[in-house]
There are 2 protein chains.
Amino acid sequence: MSSRQLSPLIAETIAIGSELLLGGRTDSNSLFITEELSQLGIEVRFKSVVGDDQADIVNVLKTAVRRAKVIVMTGGLGPTVDDCTREAIARAAGRKLARRKEAFEGLQARLAKWGRTPNKGQLRQALIPSGATVLPNPVGSAPGFWLSWKGATLISLPGVPSEMKAMIRESVTSLLSSHLESRGRSEPQPIKRLLFHTWGLPEADVDVQLKGLISKRVPVDFGLLASPMGVLVSLTTNSRARVKEEALASLAQEVRSRLREWLFAEGQESMEEVVGRLLTDQKRTVALAESCTGGLIGHRLTQVPGSSAYMDRGVICYSNKAKVELLGVPPDLIEKHGAVSAEVAAAMAKGMRERSGVSVGLSVTGIAGPAGGTATKPVGLVYIGLDDEDGHSITKEHRFHGDRTIIKQRSSQAALDVLRRWLVTKAIP
Amino acid sequence: MSSRQLSPLIAETIAIGSELLLGGRTDSNSLFITEELSQLGIEVRFKSVVGDDQADIVNVLKTAVRRAKVIVMTGGLGPTVDDCTREAIARAAGRKLARRKEAFEGLQARLAKWGRTPNKGQLRQALIPSGATVLPNPVGSAPGFWLSWKGATLISLPGVPSEMKAMIRESVTSLLSSHLESRGRSEPQPIKRLLFHTWGLPEADVDVQLKGLISKRVPVDFGLLASPMGVLVSLTTNSRARVKEEALASLAQEVRSRLREWLFAEGQESMEEVVGRLLTDQKRTVALAESCTGGLIGHRLTQVPGSSAYMDRGVICYSNKAKVELLGVPPDLIEKHGAVSAEVAAAMAKGMRERSGVSVGLSVTGIAGPAGGTATKPVGLVYIGLDDEDGHSITKEHRFHGDRTIIKQRSSQAALDVLRRWLVTKAIP
């Protein structure tokens with residue numbers, strides 16, 4: 001694997017808004033920006049969050065310009081007096097603010113579409129620091145702008161995600177590409193990131209499976225991230241060193257082969273998308289019988305556009321009465337084994353499939369807690385059932401840890417993985 | 001309203017971990033820390049996120065110590081070579097790292113419980129900078145620590161949320177309280193934050209309703225935050241000025257009276273918790289018939305512990321066939337009005353209630369998109385139905401904007417709000 005050291009172009013994101021400090025909302029804009037910049041080989045190495053306070057924003061800006069060559073700010077461009085990003089940038093960079101014709105006209109045109117004229121607050125949105133270039137906002141009213149300051153490119157965008165994203169795609173990436181070119185970085189190294197999603201193996205064991213995969217000489221960062229939905233493995237190149245296409249591909253192949261048993265998706269694909277793709281390919285349909293997950297599996301499957309092609313129906317049978325009435329689970333089965341048992345999970349999946357006429361029935365019954373656990377059936381005990389049109393039945397027992405939310409999440413993931421594995425076996429001729 | 005200016009104690013959070021930059025995960029630890037510190041009257045004014053890079057962490061630390069008196073770091077204390085927070089702090093603050101007896105013993109005791117002995121990586125977790133005090137970890141293996149540096153209190157905690165939270169509660173708040181006292185801040189001003197959750201009124205209109213509520217002289221920050229779940233109104237005091245209890249209460253009362261029509265919850269209570277509380281108080285039960293929400297309403301209701309007392313069942317009737325078979329919706333009604341219609345919503349709610357014998361049936365049918373819309377029935381058209389044991393029926397039409405996820409979220413919120421309003425009328429004797 002050949003590697004040549006390149007000097008990285010360091011970037012910083014700055015998210016502005018008191019609500020980002022106070023807990024109303026986390027800054028998710030920076031994740032999108034980081035991803036887009038990495039495609040250009042620009043590494044976001046610092047993220048800052050600051051409230052709607054002019055002095056604090058100036059402080060953060062002065063820090064950023066000392067360590068980053070690209071600074072992308074989001075937020076604080078709105079029409080209210082709180083919004084002081086324009087003023088803070090002008091003050092930090094020693095510029096004057098003045099109404100800019102193209103910003104005003106864009107604003108006016110946008111508001112005219114909505115049948116309105118700019119009010120006093122909105123007029124402030126046309127104030128642009130001297131020397132800055134306006135970045136049109138194709139979606140909303142607030143224009144953005146960029147300027148050169150102490151050798152850095154400073155970009156200011158609205159905080160509304162849809163506006164920020166449109167402006168990144170329509171103006172910012174081409175702007176930064178041309179800056180890279182003019183700096184003689186004619187071959188920027190896009191940062192490549194390969195993601196492998198696993199389910200069913202604890203983080204420490206994933207680590208063991210992948211031991212020795214990456215030697216210190218190879219300029220690829222290896223990451224593990226555990227969540228209730230499984231363990232995410234990442235291979236990330238950086239902008240400082242070249243990694244040959246084939247070398248990365250062979251590394252990916254090695255990850256696949258070592259984790260084959262637990263790997264359910266790659267890249268940005270989610271479990272529900274994988275299951276949806278397999279159901280669509282095989283022209284199969286599914287019906288759900290959910291107890292402890294309470295509708296979460298249905299919610300997840302129906303997040304995927306086009307899911308109406310394979311998602312026929314589901315029942316949320318929280319009460320035993322509902323299990324009997326909606327699924328035909330025999331009352332004496334519940335009496336004998338309890339509602340949380342492999343037997344009832346199997347009967348739920350079978351009843352669901354038979355009553356709906358789908359290809360496959362999938363069920364979950366368990367104890368999500370915090371109450372309802374016993375010594376023999378503790379909180380976290382969950383049974384998955386699957387019943388198919390050939391009369392085959394699968395059940396699986398899990399003992400999960402965590403709070404109610406986590407147990408529901410893990411249960412939904414476990415159930416979808418049972419369905420996925422079944423679909424995979426059906427795909428093989 | 002009396003107000004006296006106090007000098008604020010400024011804090012900064014620093015979240016460490018390359019996965020926080022690269023998009024695997026957002027930093028949610030800082031929200032918890034901000035909340036806990038605000039109770040002590042300490043204002044988090046800056047948040048930083050940085051990768052697992054020693055030089056970058058040193059850079060961020062040196063910036064933080066120039067502007068904050070309290071610095072709370074999370075992450076980078078794990079056993080792998082990536083974890084370099086200890087080293088970065090030692091380097092930035094000019095300390096030596098050495099194995100600390102109490103850290104080692106705590107680590108050993110924790111691992112012994114799990115039947116293990118510390119490996120080489122875990123031994124690194126007992127390395128503590130000179131002059132620092134160990135903060136025990138009651139939940140996991142990595143100890144934290146704190147030290148005084150250039151007049152600031154620097155606290156380093158693990159990034160695992162459960163460990164971080166336990167350590168904040170068990171050690172950090174008492175530590176900071178005693179620091180405040182020793183600085184003569186015997187009466188720290190806790191930052192108070194009142195939250196009002198509204199549904200059904202656009203952000204701009206909420207703003208209009210609350211116009212003139214807060215004069216410039218009153219030291220309370222007023223915030224609005226729009227999301228698919230509604231508009232959140234916040235009143236926040238700051239540590240710089242005292243606000244009398246009664247003054248804040250009368251302001252809260254004014255918000256309540258102006259937003260009465262749209263206010264569904266206060267504080268940390270969610271829509272599903274409000275609905276659950278009302279159902280429990282009234283000993284009523286509910287059954288759901290979900291089409292476009294696909295199980296999301298059931299998922300939300302069953303997130304609340306104890307929901308099995310009032311959540312009897314639900315059906316996810318994605319196909320027309322399922323609407324007919326599971327709910328007894330007349331096929332000619334679907335034929336005549338379409339599956340997305342007030343008539344079908346009403347029939348779904350009625351069928352659900354009658355078949356399950358609950359107090360109230362709640363239904364949703366709509367077009368979540370991106371496909372499936374027509375000129376007369378566009379994407380975002382949603383009908384809510386409610387049917388009660390007295391034979392009363394309510395339907396409500398909505399035309400939502402946004403993507404599939406947003407339309408599902410808004411639909412679930414709208415449906416739960418219909419149920420909440422119905423429950424509120426039932427509570428009045």
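User: Which residue in strand 2 of chain B is the bridge partner of Val49(A)?

Analyst: The model is a predicted one. Strand 2 of chain A, residues 42-50, pairs with strand 2 of chain B, residues 42-50, in the antiparallel sense over 5 bridges. Within strand 2 of chain B, the residue bridged to Val49(A) is Lys47(B).

User: What relation does the superposition of chain A on chain B correspond to?

Analyst: Chain A is superposed on chain B, with an RMSD of 0.1 Å, by a rotation of 180° and a shift of 0.1 Å along the axis. Because of this, the relation is that of a two-fold axis.

User: How many residues of chain A that touch chain B are charged?

Analyst: The contact involves 60 residues of chain A and 60 residues of chain B. On the side of chain A that touches chain B, 24 residues are nonpolar and 23 are polar, while the number that are charged is 13.

User: Are helix 2 and helix 7 of chain B roughly parallel or roughly antiparallel?

Analyst: The axes of helix 2 (residues 29-39) and helix 7 (residues 161-182) of chain B come within 10 Å and cross at roughly 20°. Since angles under 35 degrees count as roughly parallel, helix 2 of chain B is, relative to helix 7 of chain B, roughly parallel.

User: Which residues of helix 7 of chain B make the contact with helix 2 of chain B?

Analyst: The crossing of these two helices of chain B is right-handed. Helix 2 of chain B contributes Asn29(B), Phe32(B), Ile33(B) and Glu36(B), and the residues contributed by helix 7 of chain B are Pro161(B), Met164(B), Lys165(B), Ile168(B) and Thr173(B).

Key. Residues numbered from 1 in each chain as written. Chains lettered and ligands numbered in written order. Predicted model: local features only at pLDDT ≥ 70, side-chain atom pairs only at ≥ 80, totals over all residues. Contact = placed C-beta atoms within 7 Å. Nonpolar A, V, L, I, M, F, W, Y, C, P; charged D, E, K, R; others polar. Pairing = 2+ DSSP bridges. Helix = DSSP H or I, 4+ residues; strand = E, 2+ residues; numbered from the N terminus. Least-squares fit on C-alpha atoms with pLDDT ≥ 70 in both. Axes fitted to C-alpha atoms, helices over the stretch in contact; angles between N-to-C directions. Parallel < 35°, antiparallel > 145°, perpendicular 65-115°, else oblique. Left-handed = near helix turned anticlockwise from the far one by under 90°.
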